[in-house]
Each structure stands twice: as C-alpha cells, then as structure tokens.
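Morning, everyone. I have one structure to walk through today. Please have a look at it first.

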Amino acid sequence: MSPIEALLRSHLPEVDYSLQREVCEAHGSDYTEDLLFLPEAVAWPRSAQQVADLLKDCNMAGIPVYTRGAGTGLSGACLPVKGGLVLSTRKLNAILEIDTKNAQARVQPGVINAELKAKAQEFGLWYAPDPASFQSSTIGGNIAHGAGGPKAVKYGTTREHILNLQVALPNGDLIWTGADTLKNATGFSLTQLMIGSEGLLGIVTEAVVKLVRKPAKEKLMLACFAQSRQAALAVNGILNSVSNLPAALELMEKRAVQISKQATQTAFPEHQDAEYYLLIAIEGELEEELMHQSEELYGFLDQSGALEVWMPQSSQHQEDWWKVRRAMGEAVKQISIYKEEDAVVPRAALPELLTGLEQIRSHYGFETVSYGHAGDGNLHINILKSHLSDEEWKEEVPKGIKEIFKLCKELGGTLSGEHGVGLVQAPYLSDVLDPGALALMRGIKAVFDPNGILNPGKWV
Ligand SMILES: Cc1cc2nc3c(=O)[nH]c(=O)nc-3n(C[C@H](O)[C@H](O)[C@H](O)COP(=O)(O)OP(=O)(O)OC[C@H]3O[C@@H](n4cnc5c(N)ncnc54)[C@H](O)[C@@H]3O)c2cc1C
C-alpha cells in the first residue's frame, strides 16, 4: 500500500477517498486551457477536523496537498502539478446558518455560490459576489481567488463580503482569522490575507460572509459603438456623471458576442457597424426609479456616440442578454485552443489598454477575443491559437502576453483582476510585482507552510 493510501485509510472511510485513475483524471484539470496533471489520490473530507488532521499528516509525510473547489478556475491554481493529494471540498457543502439579525451567513467552503444566493433569498437577503461561474463555483474557491463578477462595480468583489474565516493550517491547527464583525481593527487582517491566497497558505473550512438586501428590480440596457475607444470612454463617462451607479457595466467585442450567440443559440441584438457592445445593469426598488435612471443613461449614451441603444422588451430578453454574456468564456474555448488573460487597469485607462492591445495584437499576428468587467477596468483577453503554428504559440505568444502586462503596469494596473496568478500567470509575475513585495509574499508563505506542501509548483 502506498504511503498516501495508508494515510487516507487511517483518516477516512473508503467512500471518502479514491486512488482510481478515472477519478484522479477528473480532478487533474480545471477550466484553464487544456492542462492535465494527475494526482495520486483524491479525498472528500466531511469535517473541518478531518481536513486539519489530513493536512497535518500530509505535512509530516511530505505529501503535496491541492485544495479543490469546483475546478472552474482560469489560472490553473488548483492543478496538482506535483501529484500528491487533491483535497476536494465537495462534501463540505453545508449552509450552517443564515443570521437575519446581523445579515450574515456561516457556510462550509464547498457551498456553491448560487445555492447560497438562493438560500439567502428565502430570508429576503442576498449574497452579492457574482462571478459569471456562480452556478458552479464554490464559496471556498471564490474566497481563494477573491472572485469578482459583473456586479463588483456596485457591490465590490468577494473580498468586500467576507468577515471571518476558519482555516486549517499545515501544522494541524484550526484557527479563526478574525471576528464576525463588520469592523475589525485587532491586529493584522489574516482574513484579508487568506482572500486571494489560492490554497497556498491554508485551507478554508468555514466562512462567515456578509449578506445584503437585493434591490427589487433590475433592468438591462445594451448599447453598441463603432470603436473600442468610444465604448471605453462611455464607461468612464457613465461612472463619473450619472446620479445612480449602475450595478454592472460589461464590455464585449463584436466577435465575443457572435461566438457566444452561436454557441448558446440565444437571441441578442446586433448592429452591422458595431465593433463593441456595452451591457449595463441598473437596479432599484420601483419601476419609476428605473425609468428615470434609464432615461439619464440613454441621453448619455446617445451623446457618447452609441450607434444604437436597446432596452429589453421582456424578462426573457433580459435573461438571454445575461446568458450570452456569461457563456462567453466557454463559447470561446469551443472554437480554438486559447490563453485567457485577466488584465486590469484603473478604469480611466481602459481606452489606452484597448488601443495598446490592438497594436500588440497586430505586431505579434495573433487573434484576440475580449470582453470583461469594464466598470472595474478589468478586461478578459482571450488569445486564440487558430492559425498559429505550435512554435509561434509557444515562442511568440508569451512575448505578446508580456507586452500586454507591461502595458497594464505602465497604466497603473496589473496582470490579474480576479482569476489569480495560479500556474499560467506565474512566469509574468516579476513583470508586475515589486521585487520587495514578491520577497515578502514568499516570506509569508514560509511562515504558514514551512515545508511547502500546500499547492506546490505554483507562483510562490
Ligand atoms: C464560465 C466561467 C466564468 C467565470 N467568471 C468569473 C468571473 O466573472 N469572475 C471571477 O472572478 N472568476 C470567474 N471565473 C473563474 C472561476 O470560476 C473563479 O475563479 C472561482 O472563484 C473558482 O471557484 P472554484 O470553486 O471553481 O475553485 P477552484 O478552481 O477549484 O480553485 C481555485 C483556487 O482556490 C483554491 N481553493 C478552493 N477551495 C479552497 C479552500 N476551501 N481553501 C483554500 N483554497 C481553496 C484552490 O486551491 C485554487 O487555488 C469564471 C470561470 C468560468 C469557467
């Protein structure tokens, strides 16, 4: 019996672990490109204590541990690049409490984002962070990436909605990082440190999250523009001038719309001269409130050079428009091998990012399909392999990616707004991070995980 099997057998019943090849294969990839790494085993612990005990023994035996939520990540952060154990949170999936008095929920990490939203809604509350993967990604994965989403422009990212975390550490300790309070000025914020830590510092075994009241009504508007610059300028204009902040401002290149429309077979308006589309969500309590907001936006979009502005004629239209936007990532994946970059800049620099991207793209001769959370200055740039040779894909494309990140840095931005560093962005980290900051991050990793058993082979 291998050491890993003996270890698992000593902690878990047989139904809660597997060494079968098909199971390992199913846990060896995520949504990042076409990467696959085989772990030696997969475990599904059912309690925080089991997680802590497993982690402690893996630490002592030098077995790598890769925590996995739903495996929807786009930077390869959960991939078991050095084999070892994939610790799945699938069976840690209970919503432990909805505390209506404090508008908070206490959940295990394997709870799916959409399930928490639905449960909170039964109590007239809402969990606001909304990655486009919300129907499948887990709260633990969202925390470990600091996930954003279309409505981060109004509500903020996951980072703004986490109050307290229970974390299992490699030495077997189970700690709480803070308190269940809206404010906390008691020492360093370990809670914020854990958010975005990509399974490198500890394993989140429970989370206390903030809930909000969901506005009663949402309305979408769709505008199209002949040039990327006009669309990006309109985003900034809207955020700086309208009296009510929209809940979402999503920018979509024409090709992204066409690919997603085709893949989903969903109706979505198009204009023959449009190069870019802007999907805007507004929220409010009353229909009149939304009418007033949409009139103000309509006037602004008209002055900004929009070729056409559409309003949904039914709730079905509204659902279809969201569906086309949310399916974009998956739809692009179906047409070509691709690399997805998650560039982010201060939002006023978005026009320069788009212009610079066009220049880099034509210099290196690759095709891109872009869309993203323009209200946050966050653009998902999908670089397609399509006609490129394997050599160009391996040698030239990374040079182009480096240029894109250099440009982000010059504009005051960085390489990832929400997908994380993981495996695939690691080679570019020193292009955007101060060497002193990177050294501090490595030091922090060594404090939490001196033997480097958590998620080894990644950026830190
Ligand atoms: C179609 C699609 C749309 C997407 N849209 C968005 C979007 O709008 N915004 C966005 O931010 N992202 C988006 N993503 C990316 C992805 O869904 C998010 O990063 C999500 O947060 C990952 O959650 P997961 O449960 O799948 O985590 P996984 O992919 O399983 O893991 C991600 C990271 O979290 C770590 N991890 C997981 N659970 C824990 C835990 N309990 N403790 C410690 N570490 C843990 C893993 O080790 C890994 O490093 C999208 C992905 C897809 C496929």
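Let me start with a term. Two strands pair if DSSP finds at least two bridges between them. Keep in mind that this is a predicted model.

Now a bridge. In β4, the partner of A41 is L85.

Next, the domains. Domain 1 covers 3–88, domain 2 covers 95–210, domain 3 covers 217–328 and domain 4 covers 336–436.

Where does the ligand lie relative to domain 1 and domain 2? Between them, because both domains give residues to the shell around the ligand. There are 36 residues around the ligand, and G69, G73, G140, G141 and G199 come nearest. By class, the shell has twelve nonpolar, 19 polar and five charged residues. Four elements each supply at least two shell residues: β3 (65–68), α5 (139–145), β9 (203–210) and α12 (328–335). Which of them gives the most? α5 does, with five residues.

On to domain 3 and domain 4. Their centres, taken over C-alpha atoms, are separated by 24 Å. Domain 3 puts 17 residues into the contact, and domain 4 puts in 13. On the domain 3 side, α8 (228–241), β11 (248–253) and α9 (254–264) each supply at least two residues. α8 gives the most to that side, seven residues. That side of domain 3 divides into eleven nonpolar, two polar and four charged residues.

Last topic, the core. In soluble globular proteins, nonpolar side chains tend to be buried together. Here the largest nonpolar core holds 119 residues. Which members touch the most others? L85, V235, L278, I280 and L353. Strand β12, residues 276–284, brings the largest share of this core, seven residues.

Take V235 as a close-up. Leave aside its neighbours within four places in sequence. Its contacts are then L249, L251, L278, R347, L350, A374 and G375. L278, one of those contacts, is also on the list of core members that touch the most others.

That's the tour. Over to you.

Definitions and conventions. Residues are numbered from 1 along each chain as its sequence is written. This is a predicted model: local features need pLDDT of at least 70, side-chain atom pairs count only at pLDDT 80 or more; totals for chains, interfaces and linings use all residues. A residue is near a molecule or strand if its C-beta atom, placed from the backbone, lies within 6 Å of it. Ala, Val, Leu, Ile, Met, Phe, Trp, Tyr, Cys and Pro count as nonpolar, Asp, Glu, Lys and Arg as charged, and the others, Gly among them, as polar. Domain bounds come from an automatic or database domain assignment. A nonpolar core is a set of buried Ala, Val, Leu, Ile, Met, Phe, Trp, Tyr and Cys residues joined through C-beta atoms within 7 Å. A residue is buried if 20 or more other C-beta atoms lie within 10 Å of its own, exposed if 12 or fewer, and partly exposed in between; C-beta atoms are placed from the backbone. Two residues are in contact if their C-beta atoms, placed from the backbone, lie within 7 Å.
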